[in-house]
Amino acid sequence: MGATRALLLAAAQNRWLKEHAPRYSFVRKSVSRFLPGETLDDALAAAQRLRDKSIGSAVSQLGENIRDAGEADAVVRHYLGVLERIRSEGLQTEISVKLTQLGLDLSTDLCEKNLRRLLEAQHGERSVWIDMEGSSYLERTLSLYERVQADHPETGICLQAYLRRTKEDIDRLTSCQPSIRLVKGAYREAASIAFTKRREVDSNYLRLAERLVDEQRQGAVRRAIFATHDRALIQQITGFAAAKRVLESRIEVQMLYGIQTQEQERLARGGWRSSVLIVYGSQWYAWFLRRLAERPANLWFVVRNLAG
Ligand code: FDA
């Protein structure tokens with residue numbers, strides 16, 4: 001792992017910085033590139049604009065590692081309101097949640113109850129997606145997913161290609177016809193459990209993606225989403241799907257709001273399923289630092305805002 005990336009990921013967990021950095025306007029200005037705004041209205045307006053370009057969307061309220069049950073309850077009530085707005089406004093938008101936002105640090109039972117409240121309100125209309133956090137949550141996240149997915153089959157889970165075990169996790173999940181969003185992985189993980197060289201992560205991503213295309217074709221995977229901005233990888237995945245005669249509309253590529261916008265539009269024009277994860281809210285500090293760590297060149301952008 002590069003020194004800058006390691007530093008940024010460590011800063012993402014620093015409490016003092018978390019409290020103080022958002023006070024600076026140049027930091028807030030830099031964040032605005034990745035957020036349409038801090039409110040749900042901003043996020044849903046962005047979803048509507050994307051829909052006009054035939055691009056799908058998912059929304060996610062920022063925040064993680066909440067500290068008491070009341071906070072988790074407030075998050076659930078917020079998302080219940082989001083689901084209601086999505087339904088009443090006729091949007092196709094889905095939601096994506098972090099389990100530590102629903103109380104996983106407090107108790108697995110509480111977290112499961114909270115997640116089920118969302119799944120029940122969803123009435124199977126669309127998927128609720130579960131983000132994957134650091135590896136210390138992985139086993140609990142997978143088991144919880146298996147339990148809720150038995151009752152709500154359309155529920156989706158994120159898996160990280162940088163983890164060496166992800167192939168086995170896919171083996172394990174295919175028995176329940178999962179929906180999987182494949183990402184490279186955004187946290188700081190030890191070399192004993194994760195690939196640390198970019199080349200290794202990319203080739204594992206491609207191997208897993210090709211497998212998911214095949215599994216989806218054969219019905220063992222309900223839905224696969226390739227969540228990456230990596231154009232070379234996207235080309236390889238879409239090329240693989242074309243060679244296997246998989247319809248463009250069966251291959252979904254998802255990106256983050258504000259990143260590779262032209263590529264999102266190009267995919268949608270080409271008939272591929274293109275979608276965007278829109279995050280919103282005031283708790284953007286740790287999330288923003290992870291985006292900087294993914295592409296340290298983004299730091300120049302922060303520095304430019306400091307100067308301007
Ligand atoms: P990579 O980092 O190799 O980037 C490829 C190219 O994309 C770069 O060269 C650059 O051009 C562009 N790019 C990438 N990141 C950029 C950025 N921040 N700013 C500007 N340009 C950028 N992770 C996780 O651990 N758990 C999760 O639940 C999720 N969920 C999730 C959902 C969605 C929809 C996406 C797109 C990503 C996630 N991630 C995630 C994050 C993921 O693990 C990964 O850190 C980022 O997507 C960056 O990796 P890429 O695949 O984009 O490739």
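The residues that line the largest pocket divide into 19 nonpolar, 13 polar and 18 charged, where Ala, Val, Leu, Ile, Met, Phe, Trp, Tyr, Cys and Pro count as nonpolar, Asp, Glu, Lys and Arg as charged, and the others, Gly among them, as polar. The model is a predicted one, in which local features need pLDDT of at least 70 and side-chain atom pairs count only at pLDDT 80 or more, while totals for chains, interfaces and linings use all residues. Residues are numbered from 1 along each chain as its sequence is written, and side-chain values use heavy atoms, with hydrogens and water left out.

The volume of the largest pocket is about 1,400 Å³. A pocket here is an open set of points, on a 1 Å grid over the protein atoms alone, with protein on both sides within 12 Å along at least five of seven lines, whereas a cavity is a set of points where a 1.4 Å probe fits but cannot get out; lining residues have an atom within 4 Å of a point. Grid points are joined across faces, edges and corners, and a volume is the space filled by probe spheres set on the points. There are 50 residues lining the largest pocket, and those closest to its centre are Lys184, Gly185, Ala186, His229 and Glu294. Two or more lining residues come from each of β1 (56-61), β4 (156-160), β5 (179-183), α9 (198-217), β7 (252-256), β8 (273-280) and α12 (285-294), these helices (H or I, at least four residues) and strands (E, at least two) being DSSP runs numbered from the N terminus. The element that gives the most to this lining is α12, with 5 residues.

For Arg198, an N or O atom of the side chain is 3.0 Å from an oxygen atom of the ligand. On its own the ligand has 920 Å² of accessible area, of which the protein covers 89%; accessible areas come from the Shrake-Rupley method with a 1.4 Å probe, and for residues only the protein chains shown count as cover.

The second largest pocket holds about 920 Å³ of space. Its lining consists of 32 residues, with Ala12, Lys18, Glu64, Asn65 and Ala286 nearest the centre. Helices α1 (3-12), α2 (15-20), α5 (69-88) and α12 each give two or more residues to this lining, and α12 gives the most, with 4 residues. By class, the lining of the second largest pocket has 12 nonpolar, 10 polar and 10 charged residues.

The residues lining the largest cavity are Leu83, Ile86, Arg87, Thr93, Gln122, Glu125 and Arg126, and α5 supplies the largest share, 3 residues. This lining comprises 2 nonpolar, 2 polar and 3 charged residues.

Asp214 lies in helix α9, and it counts as buried because its relative accessibility is 18%, with buried meaning under 20% relative accessible area, exposed over 50% and partly exposed in between (1.4 Å probe, protein chains only). The C-alpha atom of Asp214 is 9.1 Å from that of Val246, which is 32 residues apart along the chain. Glu263 lies in helix α11 and, at 7% relative accessibility, counts as buried. Its side chain makes a polar contact of 2.9 Å with the side chain of Arg266; such a contact is a pair of N or O atoms within 3.5 Å, and within protein one must be able to donate a hydrogen and the other to accept it, while residues adjacent in sequence count only if both atoms are side-chain atoms.

Ser54, in the loop between α4 (40-51) and β1, has a phi near 60 degrees, a positive value in a residue other than glycine, and Ser54 counts as exposed because its relative accessibility is 57%. Gln260, in the loop between β7 and α11 (261-269), has a positive phi of about 55 degrees although it is not a glycine, and Gln260 counts as partly exposed at 27% relative accessibility.
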